[in-house]
Structure formats: structure tokens, C-alpha cells
Amino acid sequence: AINPPEKENFNKLATASEPLIKELVIQDPAIVNIPAMLSVSDTTLVVIPSNDQVFVSRIIPVLNDMLKNYSVIVMGISDWEYYDNLETQYLHNLSVHIASLNHLDYSGAGFTVIARIFYEKLKTYPDDYAIQGFDITYRFLKALMQYGTDFKDFIKGNEMKGVFTSYRFKQLGEGNGFENNYVCIKKYQDFRLIKIYPVQMTGGK
């Protein structure tokens, strides 16, 4: 859901007769008039922040059918990457974008090197948790070695790029701890999920 003040501010920017943001609470995709919420003249970004696999698997085909008459892009969450009942072709048709905290490129040089060393030592390949553990250990020990115990002053203003994810820390008030605000956007394209940054959305009709 969108906070009312934020929704109002976005809609003040609208130059057309339609508001920029419309919010629709859907219980059953089959009985909701979704086309009434879509733009007939422009691409509509449909944000679905749901981790209900049954609901997501029902609404994606409905939105895919809408492509016959409307241009639609869908934004989902990282849980969707693990749903095995979503039609891949629909995800591509809808140019589904995923907001996530991480993206592991299995063909990237970083993963390839780590996987090779990992296999040489343990005779098995690393899973996501192993790569994440490497990222955290390597990045923070490196910062500690370079900047000493005050390395927190360094990480506050610098992005640390890892293999599994990156770290962009923001301090939660003077004297408080830090929060990682890094988010990446991934997109279904050419039958794979790729990381895109900055966001460049292209929808189809």
C-alpha cells in the first residue's frame, strides 16, 4: 500500500486527466475490473507487493491477457524468483521487474573464481548462503584492515560491491547503527533474469 501523503504528492505531478497512482485492493483477480485501472494511452506500471504465491500465479495470466489491448509492465518482489508455477513466457511478455536485495550472476567472474576455490577445498559448489558469507566476511575484514576500528566512518559514505549483493549503508541517527539501503532491480529478458541499473523500463502492447 502507498501512504496517502506520498500518493497525493505523486498525483500532483500528473499533467493528464488521470492520476499517476491508483491503488486497487484485489482479492480475486477473476472478478475485478482491472482494465478500468489501466491507461489506454500509455504504459501502466502495475506494482504487486504480494508474497502470496497462489494470488500471484492467478493475477499474472490475467494481466498477460490485458496485453492484447494495453501496455503493461509488472513490478514484483524477490519471492517470485522461487515460484515454480509462474509461466515464464508471461513474465517476459509483461516485462516483469523484481525489486531485490541481491543478484548472483552465476556466469560472472567473481562467482566463477569463488566457486572454483570452494570446490577445490570442499569438493562441492557454494550455495547462496556461502557466497553471502564470503561477501560479508571479505568486505568487512578488508574495511577493518584498511581503516581500522573506525571503518564505520568509511562505509557510511561509500558503496561496497560484493558478489552476492552490495552494501550502501545509512546511519539510523547519530550514535545509532547502520542500515543497508541497497536495492537492485532485475528484469526478465531473453528468458533469464538480469540485473538492470539504472532502471530502464520498456513495455510492450
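This is a predicted model: local features need pLDDT of at least 70, side-chain atom pairs count only at pLDDT 80 or more; totals for chains, interfaces and linings use all residues.
Me: Is Lys123 buried or exposed?
Reply: A residue counts as exposed when its relative accessible area is over 50%. Lys123 has a relative accessible area of 60%, so it is exposed.

Me: What is phi of Lys123 near?
Reply: Lys123 is a residue other than glycine, and its phi has a positive value. That phi is near 60°.

Me: Where is Phe191 found, and what is its phi near?
Reply: Phe191 is found in the loop between strand 8 (184-189) and strand 9 (192-196). Its phi is positive, in a residue other than glycine, and is near 60°.

Me: Is Phe191 buried or exposed?
Reply: The cut-off for an exposed residue is over 50% relative accessible area. Phe191 has 60% relative accessibility and therefore counts as exposed.

Me: Which residues of the largest nonpolar core touch the most other members?
Reply: The largest nonpolar core has 24 residues. Those that touch the most other members are Ile48, Leu63, Val72, Val74, Trp80, Leu94 and Val96.

Me: Which element supplies the largest share of this core?
Reply: Helix 2 (53-66) and strand 2 (72-77) each supply at least two residues of the core. The largest share is six residues, and it comes from helix 2.

Me: Which residues does Val96 touch, not counting residues up to four places away in sequence?
Reply: Val96 belongs to the largest nonpolar core. With residues up to four places away in sequence left out, Val96 touches Val74, Trp80, Leu91, Lys186, Lys187 and Tyr188.

Me: Which element gives the largest share of the lining of the second largest pocket?
Reply: This pocket holds about 380 Å³ of space. Its lining has 20 residues, and Glu81, His103, Leu104, Tyr106 and Leu193 lie nearest its centre. The elements that give two or more residues to the lining are strand 8 and strand 9. The largest share, four residues, comes from strand 9.

Me: How many residues of this lining are charged?
Reply: The lining of the second largest pocket includes 11 nonpolar and three polar residues. The charged residues number six.

Terms used:
Residues are numbered from 1 along each chain as its sequence is written. Side-chain values use heavy atoms; hydrogens and water are left out. A nonpolar core is a set of buried Ala, Val, Leu, Ile, Met, Phe, Trp, Tyr and Cys residues joined through side-chain atoms within 4.5 Å. Buried means under 20% relative accessible area, exposed over 50%, partly exposed in between (1.4 Å probe, protein chains only). Contact means heavy atoms within 4.5 Å. On a 1 Å grid over the protein atoms alone, a cavity is a set of points where a 1.4 Å probe fits but cannot get out, and a pocket is an open set with protein on both sides within 12 Å along at least five of seven lines; lining residues have an atom within 4 Å of a point. Grid points are joined across faces, edges and corners, and a volume is the space filled by probe spheres set on the points. Ala, Val, Leu, Ile, Met, Phe, Trp, Tyr, Cys and Pro count as nonpolar, Asp, Glu, Lys and Arg as charged, and the others, Gly among them, as polar.
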